[in-house]
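Please look over the structure shown below before reading on.

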Amino acid sequence: MHLGNYLGAVRHWVDDQHKHDSYFMIVDLHALTIPQDPVVLRAKVRELFMLLIAAGLDPEVCTLFVQGHLHEHSELCWIMTCTVSIGELQRMVQFKDKSAKQGNDFISAGLLTYPALQAADIVLYDADRVPVGDDQRQHVEITRDIVQRFNHRYGDTFVLPEAATPPSGARVMDLLDPTRKMSKSADSPQGTVGVLDDFKDVERKFKRAVTDNDGEVRYDVANKPGVSNLLSILGGVTGARPEDLATQYSQYGPLKADAAAAVIEALRPLRARYAELSADPGELSRLMATGAAKARVVASATVARAKTALGISIE
């Protein structure tokens, strides 16, 4: 998890869990579209599970689980795969982009069928609302197409989901290249702030953040992306408007220092809770098992309903 994930999405999930019957999953099966080191993958799954709880997701309030812990995802994925055409999958923007980036390297068939698994992830829990950014809207649309096709063929079986626009989060861009979003896959790790980064590294990254040469502090994303990014991050952790914050600074140095300090203070309670969870691996395993069992109640019923509709159930 990096600062962009935390400010742009996770904090809104924390609010959402109290407003909706919410399901949050760690999608380890999706990670398999590229080769993984099993030891690293397992460790990262556990790390992310702890981070989500540390960030405020409450397993007693929402359903938090690991996708690969439920066979229902893979089972329904096959049914979804058989309900979508190759042409539809080949037109997905993310498949085009990612396969092009991999060039002549091994391209997993899972990269093509990824949307079918994502459709299963959604419909398994009778989701009617799927909070997504613009880059994921196409995945909700193809899920809707699959659901409508299945329901037309076999009867009303799945809930038709709607894409929901989440509240605007802080606009967090790469600190070294403020024209692109902060990303865990960025070529420059110095531009990405991980929530588990050493605080000295956080300060260093902000100190080296790209700004510009004119020396004026104002919120102007188009013409001053670096300065605007710092203001947006500072606003994201303090609750202030970036435009208002800009009036408080005449130099870039103090802005960078204050942004770093505010981020560090915002991350302190998260880091403290993460440390508690890390110290009790047995409790973490219990929470993961409890989340999977809670999710399976709904997921198994959905798979059973689909099998009955298809005529492949035991009865």
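**Briefing on the predicted model**

The lining of the second largest pocket holds five nonpolar, five polar and no charged residues, where Ala, Val, Leu, Ile, Met, Phe, Trp, Tyr, Cys and Pro count as nonpolar, Asp, Glu, Lys and Arg as charged, and the others, Gly among them, as polar. This is a predicted model, in which local features need pLDDT of at least 70 and side-chain atom pairs count only at pLDDT 80 or more, whereas totals for chains, interfaces and linings use all residues. Residues are numbered from 1 along each chain as its sequence is written, and side-chain values use heavy atoms, with hydrogens and water left out.

**Second largest pocket**

- Grid points are joined across faces, edges and corners, and a volume is the space filled by probe spheres set on the points.
- Lining residues, which have an atom within 4 Å of a point, are here Leu-29, His-30, Leu-32, Thr-33, Ser-74, Cys-77, Gly-110, Thr-113, Tyr-114 and Leu-117.
- Helix H3 (71-81) and helix H6 (109-123) are the elements that give two or more residues to this lining, and H6 gives the most, with four residues; helices (H or I, at least four residues) and strands (E, at least two) are DSSP runs, numbered from the N terminus.

**Largest cavity**

- One cavity of 30 Å³ or more is found in a search of the whole structure, and the largest cavity has a volume of about 30 Å³.
- Met-92, Gln-94, Phe-95, Leu-111, Tyr-114, Pro-115 and His-139 line the largest cavity, with helix H5 (93-102) and H6 as the elements that give two or more residues.
- H6 gives the most to the lining of the largest cavity, with three residues, and by class this lining has five nonpolar, two polar and no charged residues.

**Strands E1 and E2**

- Strand E1 (residues 23-26) runs parallel to E2 and is joined to E2 by four bridges, where two strands pair if DSSP finds at least two bridges between them; Phe-24 stands opposite Leu-64 in E2.
- From strand E2 (residues 63-66), Thr-63 and Phe-65 point one way and Leu-64 and Val-66 the other way, and all are buried, meaning under 20% relative accessible area, with exposed over 50% and partly exposed in between (1.4 Å probe, protein chains only).
- In a regular strand the side chains alternate between the two faces of the sheet.
- Met-288, in helix H12 (residues 281-310), counts as buried at 5% relative accessibility, and the C-alpha atoms of Met-288 and Phe-65, 223 residues apart along the chain, are separated by 5.9 Å.

**Cysteines**

- The count of disulfides comes to zero, a disulfide being a pair of cysteine sulfur atoms within 2.5 Å.
- Cys-82 is partly exposed, with a relative accessible area of 46%, and the sulfur of Cys-82 is too far for a bond because the closest cysteine sulfur, in Cys-77, is 9.3 Å away.
- Cys-62, by its relative accessible area of 1%, is buried.

**Asp-126**

- Asp-126 lies in the loop between H6 and strand E3 (129-131) and is partly exposed, with a relative accessible area of 30%.
- Phi of Asp-126 is near 50 degrees, a positive value in a residue other than glycine.

Conventions. On a 1 Å grid over the protein atoms alone, a cavity is a set of points where a 1.4 Å probe fits but cannot get out, and a pocket is an open set with protein on both sides within 12 Å along at least five of seven lines; lining residues have an atom within 4 Å of a point.
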